[in-house]
Amino acid sequence: MALQAPEGTKDLLPDEAVYWTRFKAIATEIFGRYGYLPIETPVFEQTELFVRGIGEATDVVSKEMFTAISGENLKKLLDGGTVKAKSRLSLRPEGTAGVVRAVVQHDLVPQGAAPAKLLYAGPMFRAERPQKGRQRQFNQVGIECLGAEEPSVDAEGIIMLMRFYAAIGIPVEATRLLVNSMGCDVCRPAYRDAVKAFMDTHTDELCDECKRRAETNPLRAFDCKNPGCAAVMEGAPKITDHLCDDCREHYEAVKTYLTGAGLVFVEDPTLVRGLDYYTRTVFEVQVTEGMGSQNAIGGGGRYDKLAEEVGGRPTPGFGWALGYERCVLALEAAGHTLPAAQRCDVFVACVDDSVRAEAFSLVQALRDGGLVGEMDHQRRSLKSQFKLADKLGAHAVVVLGPDELAAGQVKVRDMQAHDEQMADLAALKTQLAACAVEGGAAALKDVLARLA
Ligand code: HAM
């Protein structure tokens, strides 16, 4: 049997790969207006970074990480040996820990400097059970802002994410923005104890996993999908009743900015998110219909302690990531189909073999002129060359025939207007070559219009 892509992965075939490139370009453009610049970090990091950064007790770290191991080290392990801590590597399950590591390593936020506003896009890896909208390799676009703790950073981050969804075509009415505050080192420990105490009085009603969570990470119980646990946790103490004054003030300011920007949001005091680094603001964007259970198209929050966790000096941070594949599902749910990639501006067709060399040189001139030019490479009949040109979406077909060519003439068919004109080859070449200077495919339309 032919080999298949690994479970939980998805090939981005050309139409979609072109869309992914476009998606990243829109992100770079929109987030660039807010001062975010690209950063690229490795797809694997020391396992220790994720353990310290994301938290050992999280599902992402304890169950879902792919370990990357060199052949040499694997042999050592199989022989009963050990490998050095710095050689223990994992594929990144998310981008924040790596970006914060890079910020600390390269001192991107020296004392007194403006915040570092960073943008990334690329694959993340989580060994989750695959289902619709949940893959083992998926693509995220994310932003991280380090060095500023003002609530305006959180608010502008959320606003630009919502602007992005609208820009790619996900209707705002199809989304739900959930916000919460997770408190800080001052107020969360007492809240955690309150939730644990509450869970201890309901032990018999909790699943085994939540019984364990009560000991290790009680707040994670808010995310349990077990209906019994969900019913119990409904009655649990709410973080918003336990915030310290500073956290409350920060949370109120974020909400005021969001409201001022015209965003509609829902406060969800049970929103805890699956990564341990969050402090204060957390949020998630869900799509309300047509997505199944994996309906979160993005989420994030503030992480004021993460830089210290990975060995840096105190540096507050805020960020989020959106899931590319889930955005595509959301677009489909909203009735959009991805645009097919434009494969051809001008197709050069040959009446017979004697004109192939001339066709080859014309196609080359088109490409040098900035147009997408194509010709037949399979010795097709003229009729099937036209079919191919149509399939490739060509705007025009230039037909080279031996008799016409002898007179320096070619036939040009405008594929949209369905009309044909004779044109002087030398003049046409010059006009087409100028298209790049004048603006590619748009200028081609002018050339066709002038012929008609
Ligand atoms: P996250 O909520 O784990 O946050 O992931 C962000 C988004 O990635 C999700 O909302 C979802 O759209 C997508 N996603 C997550 N897991 C999968 C999966 N298995 N298959 C497909 N899509 C998935 C983070 O990753 C944080 N690093 C966000 C952040 C940045 N917080 C602060 N800065």
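## Helix H1 against helix H6

In this predicted model, Tyr19, Phe23, Ile26, Ala27, Ile30 and Phe31 of helix H1 meet Met160, Leu161, Arg163, Phe164, Ala167 and Ile168 of helix H6, where contact means heavy atoms within 4.5 Å. By class, the residues of this contact comprise 11 nonpolar, no polar and 1 charged; Ala, Val, Leu, Ile, Met, Phe, Trp, Tyr, Cys and Pro count as nonpolar, Asp, Glu, Lys and Arg as charged, and the others, Gly among them, as polar.

Two packed helices are described by the angle between their axes and the distance between the axes. The axes of H1 (residues 14-32) and H6 (residues 151-168) come within 10 Å and cross at roughly 140°, the axes being lines fitted to C-alpha atoms over the stretch in contact, with angles that run from 0 to 180 degrees between N-to-C directions. H1 and H6 are therefore oblique to each other, given that angles under 35 degrees count as roughly parallel, over 145 as roughly antiparallel, 65 to 115 as roughly perpendicular and the rest as oblique.

## Helix H1 against helix H12

With helix H12 (residues 324-333), H1 packs at an angle of about 105°, and their axes are 12 Å apart, so H1 and H12 are roughly perpendicular to each other. Glu16, Tyr19, Trp20 and Phe23 of H1 make this contact with Tyr324, Cys327, Val328 and Leu331 of H12, and the residues divide into 7 nonpolar, no polar and 1 charged.

## Two loop residues

Arg134 lies in the loop between strand S5 (116-125) and strand S6 (137-146), and Arg134 is buried, with a relative accessible area of 14% (buried means under 20%, exposed over 50%, and partly exposed in between, with a 1.4 Å probe and protein chains only). Leaving out residues up to four places away in sequence, Arg134 touches Glu128, Arg129, Gln294 and Arg326. The C-alpha atoms of Arg134 and Ser293 are separated by 9.5 Å, although these residues are 159 residues apart along the chain.

Gln416 is found in the loop between strand S15 (409-414) and strand S16 (419-424), and Gln416 touches His395 and Lys445, again not counting residues up to four places away in sequence.

## Domains and basis of the values

The domain assignment, which is automatic or from a database, gives domain 1 (14-178 + 267-333) and domain 2 (346-451), and the centres of domain 1 and domain 2, taken over C-alpha atoms, are separated by 46 Å.

Residues are numbered from 1 along each chain as its sequence is written, and side-chain values use heavy atoms, with hydrogens and water left out. Because the model is predicted, local features need pLDDT of at least 70 and side-chain atom pairs count only at pLDDT 80 or more, while totals for chains, interfaces and linings use all residues.

Definitions and conventions. Helices (H or I, at least four residues) and strands (E, at least two) are DSSP runs, numbered from the N terminus.
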